[in-house]
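Here are my notes on the two-chain model you sent. They are set out as numbered points, to be read beside the coordinates.

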Amino acid sequence: MGTVVDDNLPTLNDGRQLLVDFGLRKYRVFVRVRTYAGGEVRLGTYADVDTEITPRPKVVEFMNSTELRVSGITPDFTVGGYTLADINPTALVDAEVFYVVRNADGSDSIYELYDLDSSGVFGIELRLRALDRPLPR
Amino acid sequence: MDDASSIGAQAVPLAAGTLADPTDDPTATILLAYCRHWLRYALNDRLAVQVPLAADAVPEDRVFGWNPEGTWVRDEVAPPALYIWQDGRSKMSPMCTMVRSYIERTWSLLWVFGEVQIPNGMAARAGLVNAADAALHRAFFELSHSTFSYETHPAGSSLRICLTGDPDDFNAEYLGGEVGMLSPIPGRSGRAGDSGDGRIQRSFLALKGAVITMERVGLATQTIEDDELADTTFDIRANTETLDPADLADFMSRSLT
């Protein structure tokens, strides 16, 4: 018999999907693993594997979009959700991990993870920092 | 009196020019060109193989005669980039004479290359900046390169000649460089279990060096028409017994104001 949390995570996940269906989640967030053929990060040609975090999480911008708070990521449950390894894959010798945030207009911005809070039982929260740094203008 | 002169290659007064003419420092410009040439010579063959970071150590449009200071330049002025700017005070050279004065200036040099990741992204390029530093030491020891030409001066010309055409006007020495990395903000990892100062960092390879230059100070010059005070003439007659008007040596001493 599961805990109250276990029993409610699927419902919570469905509720988050409803927010997406209502059009309230305009950002899409992908975990991108970029693997290099040269055997070392940024050495040689590369291939990307993107994994989208679904349902779309809540994204709040700070500092003119140079920092983001990504929340509402459902923790792993029987048929859904995410483990920490899904969200923040283990670093490999020949691969780097970063995050692609697709805006409502379809444009992509890339970010790196600088903080991760998995203490909440109903949601994982990420803090992302821009890898494109166009400041100051 | 002609008050116009040049300090090194810097004309004083500045030419009026047109609105869009750059008011650059000629010394910074030649140092940028020379250092760029040597960095490309030293590194480009290797960089062309080590994709996907830049294949050109210093692209043509990535040289700047100003201090980037805290400006982060990843996008607008993307690396690789070479900056050279006057650092600190200029001063009159203590070695100057009554005839020739020189100013001595120290220049900071910053070469920023591509972004790498630590760990797992440094092994292949760990010595790249060291090689750049070594190349610049040699560049300023030789003060020329067989394929470096500048303005009207042909390839192989001495850097000392290239600034004004007169090797007495200019000299430069490389004071050395510091190998390091630049990060826009301290990097750290949010990976569960990692400490706050982090295992994964992304930083830009960089060389911070210094060059010292000596430039001759051109002074105002007197002109014959405007500054003539008096002429004193005297003759030396080479023969002693017979006056021979053709056998003379004439001298004139002109005094200027």
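1. Where in chain A is the place of A:Arg42? A:Arg42 sits in the loop that runs between strand S1 (28-36) and S2 of chain A. Please keep in mind throughout that the model is predicted. A:Arg42 has a positive phi of about 65° although the residue is not a glycine. Most residues other than glycine have a negative phi, and most peptide bonds are trans.

2. Overall content of chain A. The chain holds two helices and seven strands. Their order from the N terminus is α-β-β-β-β-α-β-β-β. The C-alpha trace covers about 50 × 35 × 25 Å along its principal axes. Of the 137 residues in chain A, 40% are buried. When contacts between residues at least 6 apart in sequence are taken, 57% of them join residues at least 24 apart.

3. The sheet of chain A. Seven strands make up an open sheet, in the order S2-S1-S5-S6-S7-S4-S3, with antiparallel pairing. Strand S2 (46-52) and strand S3 (58-62) are at the edges, and each of them pairs on one side only. On average, and with direction ignored, neighbouring strands of this sheet are turned by 35° against each other.

4. Pairings within that sheet. Five bridges connect S3(A) with strand S4 (residues 67-73) of chain A in the antiparallel sense. Here A:Glu61 has A:Leu68 in S4(A) as its bridge partner. The hairpin of S3(A) and S4(A) has four residues between the strands, and A:Met63 takes a positive phi near 50° in it. S4(A) also pairs with S7(A), again antiparallel and over five bridges; A:Ile73 has A:Ile124 in S7(A) as its bridge partner. Strand S6 (residues 108-117) and strand S7 (residues 124-130) of chain A run antiparallel and are joined by six bridges. In S7(A), A:Glu125 stands opposite A:Asp117.

5. Overall content of chain B. This chain has four helices and 10 strands. Along the sequence they follow the pattern β-β-α-β-β-β-β-α-α-β-β-α-β-β. Buried residues are 39% of the 257 residues of chain B. Of the contacts in chain B with a separation of 6 or more, 65% are between residues 24 or more positions apart.

6. A helix pair in chain B. How do helix H1 (residues 26-47) and helix H2 (residues 128-142) of chain B pack, and at what angle? Two packed helices are described by the angle between their axes and the distance between the axes. For H1(B) and H2(B) the angle is about 135° and the axes are 9 Å apart. H1(B) and H2(B) are therefore oblique to each other, and their crossing is right-handed. The residues that meet include B:Leu31, B:Tyr34, B:Trp38 and B:Leu47 in H1(B), and B:Leu128, B:Ala135, B:Arg138 and B:Glu142 in H2(B). By class, this contact has 16 nonpolar, no polar and two charged residues.

7. B:Leu143 lies in the loop between H2 and helix H3 (159-162) of chain B. Its phi is near 60°, a positive value in a residue other than glycine. B:Leu143 is buried, with a relative accessible area of 12%.

8. B:Pro52 is found in the loop between H1 and strand S3 (63-64) of chain B.

9. A residue in contact with both chains. B:Gln117 lies in strand S6 (residues 101-118) of chain B. Is B:Gln117 buried or exposed? B:Gln117 is buried, with a relative accessible area of 1%. Neighbours within four places in sequence left aside, B:Gln117 is in contact with A:Val41, A:Ala95 and A:Glu96 of chain A, and with B:Met122, B:Ile200, B:Gln201 and B:Arg202 of chain B. B:Gln117 and B:Phe204 are 87 residues apart in sequence, with their C-alpha atoms 8.7 Å apart in space.

Definitions and conventions:
Residues are numbered from 1 along each chain as its sequence is written. Chains are lettered from A and ligands numbered from 1 in the order in which they are written. This is a predicted model: local features need pLDDT of at least 70, side-chain atom pairs count only at pLDDT 80 or more; totals for chains, interfaces and linings use all residues. Side-chain values use heavy atoms; hydrogens and water are left out. Two strands pair if DSSP finds at least two bridges between them. Axes are lines fitted to C-alpha atoms, for helices over the stretch in contact, and angles run from 0 to 180 degrees between N-to-C directions. Angles under 35 degrees count as roughly parallel, over 145 as roughly antiparallel, 65 to 115 as roughly perpendicular and the rest as oblique. A crossing is left-handed if the near helix is turned anticlockwise from the far one by less than a right angle, and right-handed if clockwise. Contact means heavy atoms within 4.5 Å. Ala, Val, Leu, Ile, Met, Phe, Trp, Tyr, Cys and Pro count as nonpolar, Asp, Glu, Lys and Arg as charged, and the others, Gly among them, as polar. Buried means under 20% relative accessible area, exposed over 50%, partly exposed in between (1.4 Å probe, protein chains only).
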